[in-house]
Amino acid sequence: LSSDALGQVSKQAGVSENDAAEILKDVLPVLLKGMQGQASNKSTQQGFLQALADHSKQDTSNVSKFLGNVDTEDGGKIVKHLLGAEEDRGRQHRSS
């Protein structure tokens, strides 16, 4: 990421740029693995591809500006799906 983009991430997260860089270094591989899992699982593949299509219309040519307009609520839902939180919650509910 450019220093402007990293600055935007750190500002939104309320952490220093160094902390933001460390967090991204740790989190990005996990998110990419989650994306791979969504794309390779027949039961989640269609929804994942639709979500990508829905978000592909967003202008990312200026990463700093793009990050300043991120819908964090929607982003949170995406992260939960990528990390499997929705499935874990469903399993807990069914076993109660």
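Predicted model: local features only at pLDDT ≥ 70, side-chain atom pairs only at ≥ 80, totals over all residues.
Gln-8 touches Ser-64, Leu-67 and Gly-68, leaving aside residues up to four places away in sequence; touching, or contact, here means heavy atoms within 4.5 Å. Residues are numbered from 1 along each chain as its sequence is written, and side-chain values use heavy atoms, with hydrogens and water left out.

## Around Gln-8

Gln-8 sits in helix H1. Is Gln-8 buried or exposed? Gln-8 counts as buried, because its relative accessibility is 17%. The scale is simple: buried is under 20% relative accessible area, exposed is over 50%, and partly exposed lies in between, with a 1.4 Å probe and protein chains only. After H1 comes Gly-14, which has a positive phi, near 70°.

## The chain as a whole

Now let us step back. The chain has six helices and zero strands, where helices (H or I, at least four residues) and strands (E, at least two) are DSSP runs numbered from the N terminus. Its pattern along the sequence reads α-α-α-α-α-α. There are 96 residues in the chain, and 16% of them count as buried. Among contacts in the chain with a separation of 6 or more, 45% join residues 24 or more positions apart. The accessible surface of the chain is about 7,300 Å², and carbon and sulfur atoms account for 53% of that area; the areas come from the Shrake-Rupley method with a 1.4 Å probe, and for residues only the protein chains shown count as cover.

## Two helix pairs

Two packed helices are described by the angle between their axes and the distance between the axes. Axes are lines fitted to C-alpha atoms, for helices over the stretch in contact, and angles run from 0 to 180 degrees between N-to-C directions.

| Helix pair | Angle | Axes |
|---|---|---|
| H1 (residues 3–13) and H2 (residues 17–40) | about 95° | 9 Å apart |
| H2 and H3 (residues 42–55) | roughly 110° | within 5 Å |

H1 is therefore roughly perpendicular to H2, and H2 is likewise roughly perpendicular to H3.

Which residues make the contact of H1 with H2? Ser-3, Leu-6, Gly-7, Val-9 and Ser-10 of H1 meet Glu-17, Ala-20, Ala-21 and Leu-24 of H2. By class, these are five nonpolar, three polar and one charged. Ala, Val, Leu, Ile, Met, Phe, Trp, Tyr, Cys and Pro count as nonpolar, Asp, Glu, Lys and Arg as charged, and the others, Gly among them, as polar.

In the other pair, Met-35, Gly-37, Gln-38, Ala-39 and Ser-40 of H2 meet Lys-42, Thr-44, Gln-45 and Phe-48 of H3. The contact of H2 with H3 has three nonpolar, five polar and one charged residues.

How many salt bridges does a search of the whole structure find? The search finds one, a salt bridge being a side-chain nitrogen of Lys or Arg within 4 Å of a carboxyl oxygen of Asp or Glu. The side chains of Glu-22 and Lys-25 form a salt bridge at 3.4 Å, N to O. Glu-22 and Lys-25 are three residues apart in helix H2, so about one helical turn separates them. Glu-22 is partly exposed, at 42% relative accessible area, whereas Lys-25 is exposed, at 54%.

How values were computed: Parallel < 35°, antiparallel > 145°, perpendicular 65-115°, else oblique.
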